[in-house]
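Please work through the following exercises with the sequence and the three-dimensional structure in view. Each task is followed by a worked solution.

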Amino acid sequence: LTKETFANIDQTDADLQAFVRLHEEEALAQARAIDAKGDFSNPLAGIPMALKDNIATNGLETTGASHILEGFKPVYDATVTTKLNEAGAVVVGKANMDEFAMGGSTETSYYKQTKNAWDYTKVPGGSSGGSAAAVAAGQVPYALGSDTGGSIRQPAAFNGLVGLKPTYGRVSRFGLFAMASSLDQIGPLTRTVKDNALVLNAIAGFDKRDSTSVELEVPDFTEKLGQSIKGMKIAVPEEYFQEGIDADVATQVKAAIAQLEALGAEIGQVSLPHTQYGVAAYYILMSSEASSNVQRYDGIRYGYRAPDAKSLEEVYKKTRTEGFGDEVKRRIMLGTYSLSAGAYDAFFKKAAQIRTLIIEDFNKVFEDYDLIVGPTTPTQAYGIGAEIDDPKTMYLGDVLTIPVNLAGLPGLSINAGFNGGMPIGLQMIGKPFDEATIYQAAYAFE
Ligand code: GLN
């Protein structure tokens, strides 16, 4: 199976460009070891998969698709990597992504441009675009991504996949290159709901090396699959269908909601009044945290160092000037500015207050409902090059995914249907740590 997977990637990836790196030798060795052991009791045993390039693998180059980490080989495994190894998963390589997960189209990668699996002229979404394209094109049955403001769900929507951002704290972030530590979560991208639940089973759980991971019992996430959703209370926020949401997206998602109703769910209209402030608050909070997190890339400790620097000061300056792309630099500037003494009250503090209001919006709805549904993204996948020079438009594309990260909630995207041959995502948002109910509804809908 692993050999066949590499043969297939060899044929398809010259066009698709989903992988930044393959670990063929190591994967085949791993596959042979699993064969020799002969224990296939774990459903992931012997199954090839891809990791996003910001998830650490011991001894194997991991770069976050950044020039500044070129050649960097972590000296430890991320906790999810360890867990996958224990389950017998076969990591075939690293999937392309936006540089340090900053972006929504995989166009900020230093290395290559991944295509949308359905149309090679379109973006795969991002930042987990390589993970999504690899799964949607059938190169691997599943991949891990990370989601700080939609980076699992948006590429899932653009490629017709199931993508889950677990509740903040559900999956260990140890070994995930930190972007915005209060928002980041790792999660699975798959073609089916059941696959998704099986992968979450393998990677979820408390980890003493991530102080924000939560010490809660991990249920079997497949346990509610197949249960009826009759009587399930599902909320539809009016703000998720307002101005800026494409008519074709709205039509398809409304049809999906009608299908949930036909399956017995009770649908109600609600309001999440602070939705419109999410993007602004997120881009301040995320940039603040990200600007701090990327301070460690100084040319001394990891990866790339500018070859012709003559003093320590110059090592820092030249390495960072040459090693970071434009989008990363934009966020460093935005973040350090928001955190500066003169701007803190007007920007960071305000954004933090908005975050609280957004959390309260969700809490109120969840007093009466089991689930919230709406579109995952305002538009379908757009053309490569269409938005990359217009960061504000790109940022607004995150309006429906960002609030979920700000509130730490679990959110899933599943294909709602097609328009013009391209997929449209239906987003399902659950109560904290209630991924099982999301899976139950998604499985009934699928
Ligand atoms: N598009 C968002 C951003 O650029 C989301 C990124 C993410 O979730 N990693 O920040």
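**Exercises on the surface**

Glu25 lies in helix α2; helices here are DSSP runs (H or I, at least four residues), numbered from the N terminus. The model is predicted, so local features need pLDDT of at least 70 and side-chain atom pairs pLDDT 80 or more, while totals for chains, interfaces and linings use all residues. Residues are numbered from 1 along each chain as its sequence is written, and side-chain values use heavy atoms, without hydrogens and water.

**Exercise 1.** Determine whether Glu25 is buried or exposed.

*Solution.* Buried means under 20% relative accessible area, exposed over 50%, and partly exposed in between (1.4 Å probe, protein chains only). Glu25 has 68% relative accessibility and therefore counts as exposed.

**Exercise 2.** Identify the residues that form the negative surface patch.

*Solution.* Patch members have over 30% relative accessible area and no salt bridge, with like charges joined within 9 Å and nonpolar side chains within 5 Å. A salt bridge is a side-chain nitrogen of Lys or Arg within 4 Å of a carboxyl oxygen of Asp or Glu. The negative patch consists of Asp10, Glu24, Glu25 and Glu26. Helix α2 (residues 24-37) supplies its largest share, three residues.

**Exercise 3.** Describe the setting of Tyr337.

*Solution.* Tyr337 belongs to helix α10 (residues 326-339). Its relative accessibility is 48%, so Tyr337 counts as partly exposed. Leaving aside residues up to four places away in sequence, Tyr337 touches Ala343 and Phe347, where contact means heavy atoms within 4.5 Å.

Key. Areas by Shrake-Rupley, 256 points an atom, 1.4 Å probe, with all protein chains shown as cover. Lys, Arg positive; Asp, Glu negative; His and termini not counted. Charge placed at Lys NZ, Arg CZ, Asp CG, Glu CD. Helix = DSSP H or I, 4+ residues; strand = E, 2+ residues; numbered from the N terminus.
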